[in-house]
Each structure stands twice: as structure tokens, then as C-alpha cells.
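Visitor: I would like a tour of this protein. Please tell me what each term rests on as we go.

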Amino acid sequence: MTKVSVGEGVRLNYRVAGSGRTLLFHPGFANTLDVWNWVVAELSATHRCVTFDPRGHGASDAPDSDYTLDEMAADVIALIERLDLTDVTLVGHSLGGAVGLRTVLEHNTAGRITGLALVAPAVPCFVRPDDLEIGTPIDAFDGVLAGLSGSWVESILGAAGAFYHRTDAATAGWLAGKSLEMPAHLGLRYFRQLATIDFRARLADVTVPVLVAWGAQDQMADPRWAGWLRERNLPRWSVELIEDAGHGAMVDQPARLAELLRGFTATAPEDSSGQPRQQGRREVIAGARLDEELRAAFIEAMAGVCTPVSVVTAMDGDRPHGTTVSAFTSLSVSPPMVLVSLDRKSDLLPLVRDGGRFGLNVLGSDHAQLAGNFARKGKEKFADVSWRREHDLPRIAGAAGWVACTVTGLVDGGDHVIALGTVVAAETTATQPLTYHGRAFGTHRALDGSRI
Ligand SMILES: Cc1cc2nc3c(=O)[nH]c(=O)nc-3n(C[C@H](O)[C@H](O)[C@H](O)COP(=O)(O)O)c2cc1C
């Protein structure tokens, strides 16, 4: 069993199989990661398949928390961040589909999720709304809830029969047994969410492509929602019915579901007629990931921007560490704040994160060589550098400016992390600055009569 912490001491059980484009599978209510076994067997030759037990489920921790869609969605994002997954297609089943939709709508701020696949999801609604004839009637829902409250074990085991359409009884029973790992009081808390879900007004706000796959024989989540979704003609949404599959289509028809996921995650944008094959997928990939041409043009454009140069520092125990950084700027005057942007691969980043502070040594025009030295990897960058410890941070002697900060936020920004620092000390000298422009160090010269 492999576990990852998603914060507040909560550890989730997860499994990774295969390599390639990443699929992250969120099971439905009470199911564990094993429900995806057959789909993973189909896809792990071409994809990195990450399965996990959500909080309260299977072998994951079961804290006494709220089990709201937002709490579960926050776990998904934390899991993605801790495992450093990018370009993720999130696959959510049933209530896990509602979590998935909430995740891309409200929590995907760093854009790591670039596709959403919903398998027999509890969206747009689960319970029948007043103005439609689709969905589980509220009386039927209340009956299921009462059954779960009164006889948890019988209800879970009994539901296994209705869950699948083709799957044999032994397999269905084995999977249902795993569902019983969930403590009943937490399960009920999570299950009650189903009564309040209504995403109808939010569907057009989804910015990643969505695949909906629904077992035509589903007896739990009304498959007529698939038709309703199709009629909406939402750009970037495609809807597929899987014949001969029930609510648990990933166990009834794993090969068919795998085929749909393979097509959905394929980058090939066109079929032989030149028409888009997967609606919207290519479009969004272009938006979410810079293609090579754009990346090269962007790097060139940034080389043309003149930047300051500083060495950002932090202590590594008793050892000073520093990194040359041009991506820093003042952020706020009241309170005084700065931001620096650090590459995820930077050795300084964990020191800043763990120590909760960083120093900015703003370099002067005679520090070009120093800037070059601190732009290398290694633990000996301070070997010939004169420095002292101030505010528990390494301060380089002779730097043009000095700003000491405590970290008040870390924000994901693609392959970098932005550290927000609240200033605790600042000093400057009248030294010509070191600048970086066109891949060369230089300095600034004021134009005549330009002082403002
Ligand atoms: C002029 C210049 C500017 C740089 N700016 C940044 C920057 O803003 N952020 C960053 O993470 N790395 C920046 N780098 C690259 C790092 O200095 C370099 O990757 C370094 O080896 C990282 O060291 P570390 O792993 O010890 O942190 C810059 C390098 C140069 C030469």
C-alpha cells in the first residue's frame, strides 16, 4: 500500500500503473480503487493510470470531516500536486464524477487537469429536479438513504446486484465487500450530497474538454441525463452511451470504456476527412500546454525583457544556499511584499517552503560573475562568497540591496512556484544595478531628462 499526505494529517492510498499521458481515476460512493482494475489493465500499456481511495474509502484515512464535494475536490488537487502530476485527465465515476466536475470548476487553478471524463456521473443532478422528468425521484432517494442508515451492510451488499449489468455475482460481491471498508457514519455524510447536486447552470463554465460515458442499462444514475446533456450541445462536451453496461460500466465493459478514454486523450486532432475527431480536445491542449513553436517564441520574447538580477537565499541547516533569480518583483506597499518565481526543480524551493523565509540579495553591476556562479547547481555556491546570517537568512556582503521576507503564500504557476514574501527588513545602496537582457548581463543608464 502506498500513501500520500494531502494535508491535515490525511493520507490517501493510491496506486500508479504504466506510463504515458496521466489518467487519475476517482471512484464513486464507497467504491475503492479496485473498481478500476479492469480499465487499468486495458490502459496501463499506453497511459499512466493513477487510482486512489478517496478519504473515508478503502485503505485511505477516514477523518471525521465533512465529506462535501469541495473537501473531496481539494483532496484531488492536493493529490495531483503531491504526486506532481501534470496534463491530467480526471476520470470520475458516479458521485466521484460530481467531485470531478466541482474540481475542474472551482479548484483547478493551476490548470493541471486538462480533461474530465465522467462515467455515469451524479451530474448535472442526481435527484430529479422539480422542472424535469429525469433523475432519481426524491422518495426513492430517501428510501435508499433510509436503507443505508438502518442496515448499512445489507444495503451495500444488496446494491451490488443492481450496480452492474454484465458482471458476475462473485466479482460484484467482492467489490461490494470492499465498499464496506467505509465507516457508515462517514458514508452517510458523503451520500447525502447527492440530494443537493445541481450543476445545470455551471456546465458552460467548464474550460476543459469533457467526455461523458454512461451505461445504457444504468439502474442507479438515470442514463437519460446523457441524452439531456447531448441536447445541450455544449462545446467541448461529448456524450457516449455504452450498450450492455450498467452503473458500473468500468467493470461491465472495461474494454469499451478504455477505448473511449484512449480516443479522448489522443492528441491526433483529425480523422481522415480532416474533421476534428475529439471535440475540443486539441483546442484545449493547445491552450493548456504551449506547443513547441509557441514555447520557442515565448522564450525569445522573454529574452528581450530587461530584468533585475538577485540571489535568493535560504538556510539549509547551518549551510547557506542561494539561487540566481530574475523573476522577482515588488508586489505590495502596505504591507510591504515581494514575489519570486522559483522553478519546481530548484533546490532552493524546498528550503524556502520548509523554512518559511527567503532573502533577496539584489545584485549590482560588478556582480555578473557571482550571478553566473549562483545560476549553477550544487551545495558549495557560497564557498568563496562573503556572507553573514541575518533574520536567519544568508545575506551576501556588498550586494546592492537586501530584502528579508517571511513566506506568506506559495502559488502554483505552471512549472514554477511563486513565493509571496512579506518584507521584514529592507536596505539599499547607491550602486548601479545588474540587469539581464538578450542573454547578457548589463546595467541601466538613465535617459537625459527622463527622471519622473
Ligand atoms: C539571469 C538568470 C536568471 C534566472 N532566473 C531564474 C528565476 O527567476 N527562477 C528560477 O527558478 N531560476 C532562475 N534561473 C536559473 C537558476 O539560477 C538555476 O536553475 C540554478 O541552477 C538553480 O539552482 P538551485 O537548484 O540550487 O536552486 C536564472 C538563471 C539566470 C542565469
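Visitor: How far apart do the centres of domain 1 and domain 2 lie?
Guide: The C-alpha centres of domain 1 and domain 2 are 44 Å apart. Domain 1 covers 2-265 and domain 2 covers 307-443. Such bounds come from an automatic or database domain assignment. This is a predicted model, where local features need pLDDT of at least 70, side-chain atom pairs count only at pLDDT 80 or more, and totals for chains, interfaces and linings use all residues. Residues are numbered from 1 along each chain as its sequence is written.

Visitor: What makes β1 and β8 edge strands?
Guide: Look at the order of the open sheet: β1-β2-β4-β3-β5-β6-β7-β8. β1 (2-5) and β8 (237-242) each have a single partner strand, so one side of each has no neighbour in the sheet. The pairing in this sheet is mixed. From one strand to the next, the twist averages 25 degrees. Strands (E, at least two residues) and helices (H or I, at least four) are DSSP runs, numbered from the N terminus.

Visitor: How do you know that β7 and β8 pair?
Guide: Two strands pair if DSSP finds at least two bridges between them. β7 (residues 210-215) and β8 have six bridges, in the parallel sense. Helix α8 (residues 224-232) lies across β7 and β8 and runs at about 150 degrees to β8.

Visitor: Why is α2 called roughly perpendicular to α3?
Guide: Helix α2 (residues 69-82) and helix α3 (residues 95-107) pack at an angle of about 75 degrees. Angles under 35 degrees count as roughly parallel, over 145 as roughly antiparallel, 65 to 115 as roughly perpendicular and the rest as oblique. That makes α2 roughly perpendicular to α3. Axes are lines fitted to C-alpha atoms, for helices over the stretch in contact, and angles run from 0 to 180 degrees between N-to-C directions. The axes of α2 and α3 are 8 Å apart.

Visitor: Which residues make the contact of α2 with α3?
Guide: Among them are Leu 69, Met 72 and Ile 77 of α2, and Val 99, Arg 102 and His 107 of α3. Two residues are in contact if their C-beta atoms, placed from the backbone, lie within 7 Å. The contact has eight nonpolar, two polar and three charged residues. Ala, Val, Leu, Ile, Met, Phe, Trp, Tyr, Cys and Pro count as nonpolar, Asp, Glu, Lys and Arg as charged, and the others, Gly among them, as polar.

Visitor: What makes a residue count as near a molecule?
Guide: Its C-beta atom, placed from the backbone, must lie within 6 Å of the molecule. Around the ligand there are 16 residues, and Thr 323, Ala 327, Asp 343, Ser 346 and Asp 347 come nearest. β11 (319-325) and β13 (337-343) each supply at least two residues of this shell. By class, the shell has seven nonpolar, five polar and four charged residues.

Visitor: How do you know that β17 pairs with β18?
Guide: β17 (residues 401-413) and β18 (residues 416-428) share 12 bridges in the antiparallel sense. Asp 412 stands opposite Val 417 in β18. The two strands form a hairpin with two residues between them. In its turn, Gly 414 has a positive phi of about 60 degrees. β17 also pairs with β14 (residues 357-362), antiparallel over six bridges. There, Val 362 has Gly 401 in β17 as its bridge partner.
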